[in-house]
Amino acid sequence: MGKLTSSILTTLLLALLQPLPINAAVVRAADHSSFWIWGGVKPQPVLFEAESFYILQGQIVEKKRQNVTKAMLTAQGMSVARLRKGKVWLVYRADTLHWTPEIVQALTLRLKRWQLSGNPVVGLQIDFDAKTRHLNEYAAFLRHLRSRLPAEYRLSITGLLDWSSNGDIESINKLRNVIDEVVIQTYQGRKTITNYNAYLPALKRLTLPFKIGLVQNGEWQAPEYLEASPWFRGYVVFLRNPA
C-alpha cells in the first residue's frame, strides 16, 4: 500500500471517529410565544403576539447592616403595567434562600398588584442557581415557600443543565406536587452553553412538567426524544437587545 493511499484511509477513519456536528439553528424569537422580559431590554414586535411573559421584578440578596446579615428585596425590572394579552409570571432572582416572612409577603402583594391591574397573573418564578450538590436544600426551601404562597398562584423555578446529569434528579422529581414547572436554561449569561447537547439525554429522567430556556440568537437543535417527552411543555426565550 502506497503512502498516499495509507494517508487517505487514515483521514477517512479519523473522520468516522469524530462526533457529528450538531446542525444547530439560530433561536428566532418569532418562532416562539413565551419570553423572559428583563430590565433594560427594549420591546420587540414578537411581544404583541406573545402567550406568556416571565417578567423580572426584583432580586433577593443578603446584606449586612449594623453587623447583622439579612436577606433584602431589591426591586428590578419594569413597573406594573396593563398588558394587552398574554399570561404573566413574575420573576425574582435570588442569591440566598434565607428569606424572611416579609419578603414572601412583599412578593405576594406584588402578584396581587399585577392582578388588580387587569393582568392574567399565573404565578411566581424563582431564578436561583442552586448548586447541584445542594438540590435537597433547595427542595426543602421550595416546599416551605409553597406552603406560604396563596394557592391561587403557581410556582415555577429555573433549572441548570447540570442538575439532570450530575445531580440527584429525584430531588427535583419529588417536587411534582410543589412546583408547577421547571425551566431548564441552556445558556449562561447571554450565550448558549457550548456543549449543551451533552446534557440533554439526562432530561429524559425528569417526571414533572418542564420547559427549555433558550437565549435569543443563540443556538438550539431539539432532539426528537426531548419534545416527545410527556412532561415537555415548550420553550421560553430570553430576549436580548440587538448587538
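I count a contact when heavy atoms lie within 4.5 Å. The model I have open is predicted, so I keep local features only at pLDDT of at least 70 and side-chain atom pairs only at pLDDT 80 or more, while totals for chains, interfaces and linings use all residues. Residue numbers run from 1 along each chain as its sequence is written, and side-chain values use heavy atoms, with hydrogens and water left out.

**Entry: N119**

I looked up N119 and found it in the loop between helix 2 (101-116) and strand 6 (121-127). Is N119 buried or exposed? N119 counts as buried, with 4% relative accessibility; the cut-offs are under 20% relative accessible area for buried and over 50% for exposed, partly exposed in between (1.4 Å probe, protein chains only). Skipping neighbours within four places in sequence, I get contacts from N119 to A81, R82, L83, V88 and W114. A polar atom of the N119 side chain sits 2.6 Å from the backbone oxygen of A81.

**Entry: helix 3**

Next I checked which residues are buried in helix 3, and got L135, Y138, A139, F141, L142, L145 and R146. They lie on the same side of helix 3, because they cover an arc of only 160° around the axis (the arc of the directions from the helix axis to the C-beta atoms). On the other side of helix 3, I found N136, E137 and S147 exposed.

**Entry: whole chain**

Of its 243 residues, 45% count as buried.

Note on methods
Helices (H or I, at least four residues) and strands (E, at least two) are DSSP runs, numbered from the N terminus. A polar contact is a pair of N or O atoms within 3.5 Å; within protein, one must be able to donate a hydrogen and the other to accept it, and residues adjacent in sequence count only if both atoms are side-chain atoms.
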